[in-house]
Amino acid sequence: MSLFGSLYVGVSGLQMGQNALNTTAHNMSNMDTIGYTRQQVQQGTRIYNTISTSGSAVSYQQVGLGVNYSQVKQIRDYFLDRTYRRESGRSAFYDVSLSAVEEVENLLQELEGEAFADSIENLWGSVQDLARDPGNAVNQGVFVQRCHEFLTRGQAVYQGLSEYQDKLNYKISEQVKTINAYGKRIAELNMEIMKIEGGKIEKANDLKDERNQLIDELSAMGNIDCRTDVDGNVLIKFEGKDFVKMDSANEICLYTDEATGFYTPYWKQLAETKIVNGVETVDIEGAELFNMRQTISTDTNTDIGALKSMMFARGDRRATFKDLEDAEAYDRDISQSIIMNVQAEFDRLMHDVATGINKILKEAAEAATAKNPDSTYMRDENGNPFTIFNTQTGETDEDAFTVENMIINGEVKQAPSLLGFKKDDGQIDQETADALKDLFMEETHTLNPNVKTTTNYINFYNNLVSQVATTGDVLYGISENQQITVDNTAAAREQVLGVSSDEEMSNMIMFQNAYNAASRYINVISELMEHVINTLGS
């Protein structure tokens, strides 16, 4: 090889050392950058210069032309990335579920400093006092007042549950916006990366870091499936449907239920637009993002994503006692939603107590009328039986007595002594007072169709709270274990893609020594050239 050729070999070593030092410095400066993937220099040899191809020689005579700076690649593990994203999504699912249960526990156990359980105990105490002395006007007044307290606090609890549903509904809309923004940005990054790497010269590693970080965050919101095509574009499926394509992302829209105001995410490209009575409507059947009737299970990976968890926790409506009447419908629509489940059970308590008390008073009035058609006992001025609880809409059918629709009879509230508990013949109506007491003591009630243990109204609410607490304990254990899994996976992944200061310092010393060696090599070649030139010149 000529001296000039040897000089070029030395220069290639200098360039290689300089680029490798730059890469090491880039790793060190981004050690604490979220989402950064450490970069590694790959070296290769340049094409050999063949001097002789003699057939008699053992091999061709070739001269090397130096080292080649092949590429700077990112160090990632596909299996760990996939595992981390799946487990991160599962962790987010149970975190949201646990937060929902904790919020429900707070609403049930404490309300503005006064627990709802106190109102049940107070109502039960007033019923006992009334049973001891039904004709006492004070006891009658306290009974009506406790009924009013029971209803007022009950409505406040139910309203709190409903407001939390609305809060989750807002979070759902915000998360859908975030998902769409992430999808759009990932598609943009696909195009930017392809433009940079299309010439097969540069690597857009920092843009890839941003893209991978977005995918990590997206994985916590739903069940995703990623793959990379031959051009390096990341293609993403969200909940089994195409989301991010090469240069675009399918939009997730929100359908608003007119009755509840609840949002239902759906795929825009799968929905049908129809004109009904001159009004444009959207038919989202088959286009929904989630199948809300599927069973939540780790085995089938249906417990992944914060968005799905919020959808299940919120439910699709305000649940009432009517949702507990059909066991099959309950299992299908209610049981997996913590808020709807508690709403339905709580409304059953309020409904049954209210209608039970009304029924006893009505039966007392009817029994008195059966003996004396002209009896006014337990009846108002219009001849209707007195009731403690009425409906805001004026309906008398029992199905109308939901916690949101109930009010206290204003006439009885103003004058509790109208109840009297004194029959037409002047005798105290002990039977009716005892019937009210028995109403609270009968152990014939269950929380929901799946619970076989019966209870009475005195313990019904405590059992409801215990059920929620048990659910919370289970979810807490799952959430804790899932977080351990995520942390372990993240640590294993960090071992691969994370920057180690010790390793980078070792690389820096190695590349610095390589740079110095190439520099000395060039100095030697330079001295040889100077010697040859001076010798020939003389």
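Residues are numbered from 1 along each chain as its sequence is written, and side-chain values use heavy atoms, with hydrogens and water left out. Because the model is predicted, local features need pLDDT of at least 70 and side-chain atom pairs count only at pLDDT 80 or more, while totals for chains, interfaces and linings use all residues.

Helices (H or I, at least four residues) and strands (E, at least two) are DSSP runs, numbered from the N terminus. Two packed helices are described by the angle between their axes and the distance between the axes. Here, axes are lines fitted to C-alpha atoms, for helices over the stretch in contact, and angles run from 0 to 180 degrees between N-to-C directions.

H8 packs with helix H11 (residues 457-497) at an angle of about 175°, their axes being 11 Å apart. H8 is therefore roughly antiparallel to H11; the term applies to angles over 145 degrees, with roughly parallel used under 35, roughly perpendicular from 65 to 115 and oblique for the rest. On the H8 side, the residues that meet H11 are Asn341, Val342, Glu345, Phe346, Arg348, Leu349, Asp352 and Val353. Their partners in H11 are Tyr457, Phe460, Tyr461, Leu464, Gln467 and Val468. Contact here means heavy atoms within 4.5 Å. Sorted by class, the contact of H8 with H11 has nine nonpolar, two polar and three charged residues. Ala, Val, Leu, Ile, Met, Phe, Trp, Tyr, Cys and Pro count as nonpolar, Asp, Glu, Lys and Arg as charged, and the others, Gly among them, as polar.

H8 also meets helix H6 (306-314). The axes of H6 and H8 come within 4 Å and cross at roughly 10°, which makes H6 roughly parallel to H8. Phe312, Ala313 and Arg314 in H6 meet Ile338, Ile339 and Met340 in H8. This contact has five nonpolar, no polar and one charged residues.

Helix H7 covers residues 327-334, and its buried residues are Ala329, Tyr330 and Ile334. Buried means under 20% relative accessible area, exposed over 50%, and partly exposed in between (1.4 Å probe, protein chains only). Seen down the axis of H7, the buried residues fall within an arc of 105°, so they line one face of the helix; the arc is that of the directions from the helix axis to the C-beta atoms. An α-helix has 3.6 residues a turn, so residues three or four places apart point the same way. At the N-terminal end, Asp326 caps H7, with a side-chain oxygen 3.0 Å from the backbone nitrogen of Glu328.

Most residues other than glycine have a negative phi, and most peptide bonds are trans. Asn301, in the loop between strand S11 (279-283) and H6, has a positive phi of about 55°. Asn301 counts as partly exposed, at 29% relative accessibility. Met378, in the loop between H8 and strand S12 (389-391), has a positive phi of about 60°. Met378 is buried, with a relative accessible area of 2%.

Phe262 occupies the loop between strand S8 (252-256) and strand S9 (263-267) and counts as buried at 2% relative accessibility. Leaving out residues up to four places away in sequence, Phe262 touches residues including Gln165, Asn169, Tyr255 and Arg314.

Ser91, in helix H2 (residues 78-109), is buried as well, with a relative accessible area of 5%. Beyond neighbours within four places in sequence, Ser91 is in contact with Gln482, Gln483 and Val486.

Asn30 lies in the loop between helix H1 (3-29) and strand S1 (39-45) and is buried, with a relative accessible area of 17%. The Asn30 side chain makes a polar contact with the side chain of Ser29 (3.4 Å). A polar contact is a pair of N or O atoms within 3.5 Å; within protein, one must be able to donate a hydrogen and the other to accept it, and residues adjacent in sequence count only if both atoms are side-chain atoms.

Met510, in helix H12 (residues 501-537), counts as partly exposed at 47% relative accessibility. Its C-alpha atom is separated by 9.3 Å from that of Leu21, 489 residues away along the chain.
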